[in-house]
Structure formats: structure tokens, C-alpha cells
Amino acid sequence: MAEQGGRGCCPPMDLFRSEAMQLVQIIIPIESAHRTIDYLGEIGLIQFKDLNAEKSPFQRTYATQIKRCGEMARKLRLFKEQMSKAGLLSSSTSSTQVDLSFDDLEVKLGELEAELIEINANGDKLQRSYNELVEYKLVLQKAGEFFRKAQSSAEAQLREQASNQTGEQSLETPLLTDQEAVADPSKQVKLGFITGLVPREKSMAFERILFRATRGNVFLRQAVVEEPVTDPVSGEKVEKNVFAVFFSGERAKTKVLKICEAFGANRYSVTEDLGKQAQMITEVSGRISELKTTIDAGLLHRRNLLQTIGEQYDRWNILVRKEKSVYHTLNMLSIDVTKKCLVAEGWSPVFATKQIQDALQRATHDSNSEVGAIFRVLRTREMPPTYFQTNKFTSSFQEIVDAYGVAKYQEANPGVYTIVTFPFLFAVMFGDWGHGICLLLATLFLLIREKKLSSQKLGDIMEMTFGGRYVIFMMSLFSIYTGLIYNEFFSVPFELFGRSAYGCRDPSCRDSTSAGLIKVRDTYPFGVDPAWHGTRSELPYLNSLKMKMSILLGVAQMNLGIFLSFFNALFFRSGINIWCQFVPQIIFLNALFGYLSVLIIVKWCTGSKADLYHVMIYMFLSPTDELGENQLFAGQKTTQLVLLFSALVAVPWMLLPKPFLLKAQHERHQGQSYTALQEAEESLLVESSDDSGHHEEFEFSEVFVHQLIHTIEFVLGAVSNTASYLRLWALSLAHSELSSVFYEKVLLLAWGFNNVFILIIGIIVFIFATVGVLLVMETLSAFLHALRLHWVEFQNKFYEGDGYKFSPFSFSLIDGEDE
């Protein structure tokens, strides 16, 4: 944190203005450069400038080291991918952690990668052999069945032929008897056959193509394999059929082989001898058992290796990423002509000077360098980056402001006021303490499990909700507060702070609405009296209250914005902005809408029935007419004339003086430009607080047009922005009416049926409607409207937002980011 000494009795308001920054130059000897950048990355308080922007990444000094880091990162990604496939997680709980140097780690990763690749390659080969043997065994079993069935069928038919020579021949009947074949060798036909497996989805097409290609001169038998088998080529589970194709001749064999290849059929050779088939099945089963044992041993060895890697993975990964970031930063430094030192330039907060100097001394000592690093502060006209020190509570509010634009260096930061005004304006639109409690409970769940959830990977919407948990927490607290003021708990009023101030004049008024009610007690102490709810005058009363309250809140916040522009002008010593911008703006806004706010408060205090619409309209149309019954205080007519004249004077006051004063200021600076020669160094280095604009060309026409646009924007914006705050009234009314509709038309209606089933249905519908519409959609709607009121109506009065964030070189940022 910033040093508090010498700043007076009051603590510093770090968020109101960004930290004071300085441009520093560090001259580092080559031998201690790496350790120096390493130590500076640990403290994370320097944003280095790229002094080699004209060079490509391959032309820079440490391109080789970055390439090595990239190669090591690739190996680590390979390990992570293999661990994910094996279902292993990286853990840094090992008790045998060894600190490795960068070079040793590079060698270690190379050895582990080679070993892992070799294990994977051997495992793939063994697995493929195993899958082939499994298929071969299936083919032997199914094809053996073909031969056994054929042989038994032939023997049966021979016996049948011997007993009955006139029997009918079937498809299975041999075309030639053994005697005929022996008697006439010319009738002997040598049949060849091919066996294998074909994917079941291709089996029908396979059969048709075989028939057409060979013109039906083949005999095909197929058998279904019940369980899917692992294909040796693709490694995927595939449903297959075992086939056996019988053919005659070499041409037919060639065609069959080509068709098998085209259909991805795996072929396996099978002997005709049934005895040998049984022997081969036994041999294949034995080999499958051996391979299975070998594969299991290989998988165990691979798992042990991946577990060893997983124990060190996080440390190795962080080390590689740190080394890569260090060398990337070293590449941003310029090398001295003597090639003996590196020159670094960057921005750092002023309060960090001591920490940086200590880090430089430690780096010099630890690297045994004879020459220490030289640290000095440079003077510059360049705009420094903006740096706010935030914590987990204030960071989410600062992000709301930064989403509009990062604050210019040391301009007033609206984030300080956003911590209170943002949840408050949200709550004005979302006022219901029942809904506020629901939001609070949901937020407390996120806060209680904060540590656990912050280390988990959440979805996009949940990540956004968790990031804004403290914003939602504040929104829920303010919603409970405004809900108590509106006296609404899911649209139901309660006498929490005492009894209602109103009572019945006589018993006949109990069933009426507000007729017959008289004030019988003191005013209800806090918020809206519950007696107003459900009466005929409830809507006109609450509309009037919330509309006037919206105008008061809007005018107050816009005045705050204008006063912040005054503090900005005071801080940057801009008298022109104070007298030609702040003063006429505050006069114009308050002469019209500040006066309207005073009239609203006077009317509330006096109970007058004056028509404020009439007062404001005729203040412009007929300012000299008598006010009559619309007069709220003595001297009101004169006051209105003075205010109207002030508002009219404020417009040319905003428009004309500033461009001419800027022109005169520019001419005065030009006259002072011929001064005595300074020293060479001083002439190049100028204080950062100097106005750099006077060295640029001054275009009076551009400045005048810009001021004209700014004046028109403010004058019209004063009206439109005030009207824009009426959204507070509109959304509050909508939220209240929706809540009332769900309560009366769902819950009470279901209760009136005196049926348990209908009541349960009504409660379920009420819960879903409340959560879905009021707690989700209405929350989002009120959030977006509060966001718009801050970005447009409030911040445009003073906030330029054209700065850039301070992005230091920090290892903590590297550790937190995803790969």
C-alpha cells in the first residue's frame, strides 16, 4: 500500500486518484539480468516498455531461449493431455520435490517425453497385435464352424444317398461324388477360400459387390459376431461379421482381395484341417493371454510414470511459464553498445521505489555481479498508466467503471462513489425487503464458499456472478433498506416500526378502502405507512412520491458529478475549467432543476397544493405573471426571474470565454518559447505535470467547435439526464406491481379454492414466477439501468476515461491465468 507518512492527519484516499507514477530507467549488467528481472517479477510493480518495437521476434536477443521455453511448454502440454486420457490429475503434494535449474528441467522433460513416446508406441503396437489376435481367434472359431457344418452335412447326405439313391438333392449336396472324382481326374476342381472380418454395416454391400464382380462364381458364408470388437487399425469398437469366400481361379482370387481391401475387411488365413484349427485356436489363446499380461504391465508402468510427472507438473509448468515471461521481458530491453549491459525503461508507482531498489540489490548480490544495477527516475511528458490499489471488495466496483473507460492519470475516480451510489440506485428500482433477503442469501452462499469456488472452473454466467458477488451483496443490503422504506415484503406491508397512523372514523369504513380513514396516531416512524397499501389512493400517492424522489436523487448525483469536475480542475491547476466550465454548469443546472428540487421539498414540508408542472412551464413562458395559488414562498416570482436570467447567462458563459482564453494562453506560451539555452539533459526532459498541448498547433476553429458541442450537449443533457432519472420511478413501480400481481393473482387466488392440490400448484407457480421474473429478470434490468445512470448521467459530467491500465510484469498474474 501507499506510504501514509507526511500526508496529514487523515488517511489517504487511494481510490479517489490513481497512484503517482514515475518513468524509471534501470541499467542492468548482462550477468545479473535474468535474476534481476526474476526478482522484479516477484514484486510485480514495473510495467516495462518495449524498447525493441522495430525488431521482429526472431531478431531479438533472447529468441533462442524463448524457443526453448516454447518447446518445453509443448512437452508439458503433451504430458497434461496424456494425464487427462489416463484420468490422472496434477497435484503438487509430493514430498520429494526437487528444485531443478532451467537447463536440468529441459533435459529432464526431454528424457520423460522420449520415454513416454516409446511406451506409447510399444503399447500401441502390442494393442494392435492383441486386437489382431482377438479377431484371428474369432475367425478361427466361426470359420471352423463353417467347415464342421459343411463336413457333417456332406457326411449325412452321403449316408442318405447310400440308403436312398433317388433322394432330392439340396444346395449342400456335393456336385461330384468321391468315386466320380477319382474315376475322372478332369472333373476335379481346386477351390480356394479367404476368411476375415468385415464391418457389419458394409456386409450387404460387400456381398453384392462380390456377386457382381465374379458374376456369381463365388460362395460366401457370413456369421455375426455378437459383441463389438476393437478394430486393429482404428482402435475403435466396431460391430463385425466373420466371412468366408470360396472361389475358383487366380482371377477370382485377385478380385476378391481387391474388394476386401476396398471394404476395409481384415483378412486372416485359416487351414482346412479341423484338427489344426483347434490347435491354432489353442496357440492364439495362449498368445492373447501373454500379450494381455504384457499390455497390463506396460499400462502400469505408463501410469506410474504419469503419476510421477503429475506430482511435479504444476511446479514445472509455473517454472517454464515464468522463464518464458522473463525472457520475453528481457527481449523488451535494449542492449548497450558495449554488449555488457541491458537498459530497461518502464512505469512504476512512486511508493514502490524502495522495493525495486531492494530487489536490484538482492539480484546483484545473488548473481555475484561485480557491478550493481543503476536505477534512476526519468522526467517525461508521456501520459503515465493508471493504477488503483483495489482489494477483492472494491475491485468489482472498479471494474464497472473501467468497463466504460479507464480513468485518465490521476483524474477523480467515480469508482469511490459507485461503491455506494450503484447499489443504492439499483435498490431504489428493486425495493422489496423480501426479494432483498433472497438476493442476500444467494450472495452469502457465494461468500461462504468463496475460497472453494475461486479455485474451481466455473461456467461463463456463474463466473460473472461470482466475480460480482460483493456488488450483489451491497445491492441486496440496499434493497432490504429501500424495501423497508417502501414497506413491501413480496408486495405485502407490515407494521414493523409501529402501528399505522390512520384509523377508521366509524365501524362502517372497515370494509372500504381509504374512505373514512382519519389520522389517529403519530406519523408512522419509518417508511411508507402500511395503511396506504391496498387503497384507491395508493398508486397516485406512491407515483407522486417516487417520481419526485427520482428527480431529487438525479439532481443530487448530477451535482456531485459537476463538483468532481471542480476537484479535477483544482487538482490539475486549470483555472479556465473552474471559471468557464464548473461555475456556469453549476449555475445552469441548479437555476432550473436545483430550483425544482427545492420546490419539491418546500411543497412536502408545507403541504401546499401548488402545481409544480405549472410553476416550471410558466417560469419560461410567462416569467412576469403572478403565481396565484401556485406560490410556495414569499419572493418566489423575483427568485424565478433571477434564476432564469442566471441560466440564460450561463449558456454563453460556457460557450465563449474558454476558446478565447485558450487562444491567449497559447500565444503567451509562444512568446515565452525564446528563452535562454538550458543544459542538454534538461532541455530533453520536461516535468510530467507540464501541459504538453502548448507545443502542438493551436486551431481556434476546432477548439471553438468542440466547446460549442460541449455546451449544447450539457444544456440539452441537463434536461434529458434529469428526465432519464425518472426510470428509477418507472422500474420501482413496475417491480412493485409485478410483485403485487404474483401475490394476489397466484398465491391468494390459489388459497381461495380451499384445495390442497391447487394451493401446492399455486405456491410452485408463485415461487417460479418470483425467482424467474423478479429475482432474475428484474435484477438484471435494474442492474443495467443503474449502470446506464452511472455511465451516462453521472460520469459524463467530469469523467474523461481515456487513460490506460497499469499492466505490470508480475508472476502472480502468470500463476493465476489459464494456459
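This note sets out, point by point, selected features of a predicted model.

1. Crossing of H9 and H10. Helix H9 spans residues 394-404, and helix H10 spans residues 415-429. Their axes come within 9 Å and cross at roughly 95 degrees. Angles of 65 to 115 degrees count as roughly perpendicular, and H9 is therefore roughly perpendicular to H10. On the H9 side, the residues in contact are Thr-394, Phe-397, Gln-398, Ile-400 and Val-401. They meet Gly-415, Thr-418, Ile-419, Phe-422 and Pro-423 in H10.

2. His-735. This residue has its place in helix H22, which covers residues 727-751. Is His-735 buried or exposed? Its relative accessibility is 0%, so His-735 counts as buried. Leaving aside residues up to four places away in sequence, His-735 touches Met-429, Phe-430, Gly-431, Asp-432 and His-435, and also Leu-774 and Glu-778.

3. Leu-439. Helix H11, residues 433-448, contains Leu-439. The relative accessible area of Leu-439 is 10%, and the cut-off for a buried residue is under 20%; Leu-439 is therefore buried. Which residues does Leu-439 touch, not counting those up to four places away in sequence? They are Phe-426, Phe-430, Ile-472, Ser-476 and Thr-779.

4. A nonpolar surface patch. Val-756, Ile-760, Ile-763, Ile-764, Ile-767, Phe-768, Val-771, Val-776 and Met-777 form a nonpolar patch on the surface. Together, these residues have about 860 Å² of accessible area. One of them, Phe-768, lies in helix H23, residues 756-794. Phe-768 has a relative accessible area of 62%, and because exposed means over 50%, Phe-768 is exposed.

5. Salt bridge in H2. The count of salt bridges in the model comes to 21. One of the bridges joins Glu-81 to Lys-85, with the closest N and O atoms 3.6 Å apart. Both residues lie in helix H2 (residues 63-85), 4 residues apart, about one turn of the helix. Glu-81 is partly exposed, with a relative accessible area of 43%, whereas Lys-85 is exposed at 62%.

6. Glu-132 forms a salt bridge with Arg-128, and here the closest N and O atoms are 3.6 Å apart. How many residues apart are Glu-132 and Arg-128 in helix H3 (residues 102-163)? They are 4 residues apart, so about one helical turn separates them. Glu-132 is partly exposed, with a relative accessible area of 32%. Arg-128 also counts as partly exposed, at 40% relative accessibility.

7. The side chains of Asp-296 and Lys-292 meet in a salt bridge of 4.0 Å, N to O. These two residues are 4 residues apart in helix H7 (residues 274-330), and about one helical turn therefore separates them. Asp-296 counts as partly exposed at 38% relative accessibility, and Lys-292 is partly exposed with a relative accessible area of 39%. Elsewhere, salt bridges that share partners join Arg-68, Asp-103 and Glu-106 into one network.

Key
Residues are numbered from 1 along each chain as its sequence is written. This is a predicted model: local features need pLDDT of at least 70, side-chain atom pairs count only at pLDDT 80 or more; totals for chains, interfaces and linings use all residues. Side-chain values use heavy atoms; hydrogens and water are left out. Patches are made of residues with over 30% relative accessible area and no salt bridge: like charges are joined within 9 Å, nonpolar side chains (Val, Leu, Ile, Met, Phe, Trp, Tyr) within 5 Å. Accessible areas come from the Shrake-Rupley method with a 1.4 Å probe; for residues, only the protein chains shown count as cover. Buried means under 20% relative accessible area, exposed over 50%, partly exposed in between (1.4 Å probe, protein chains only). Axes are lines fitted to C-alpha atoms, for helices over the stretch in contact, and angles run from 0 to 180 degrees between N-to-C directions. Angles under 35 degrees count as roughly parallel, over 145 as roughly antiparallel, 65 to 115 as roughly perpendicular and the rest as oblique. Contact means heavy atoms within 4.5 Å.
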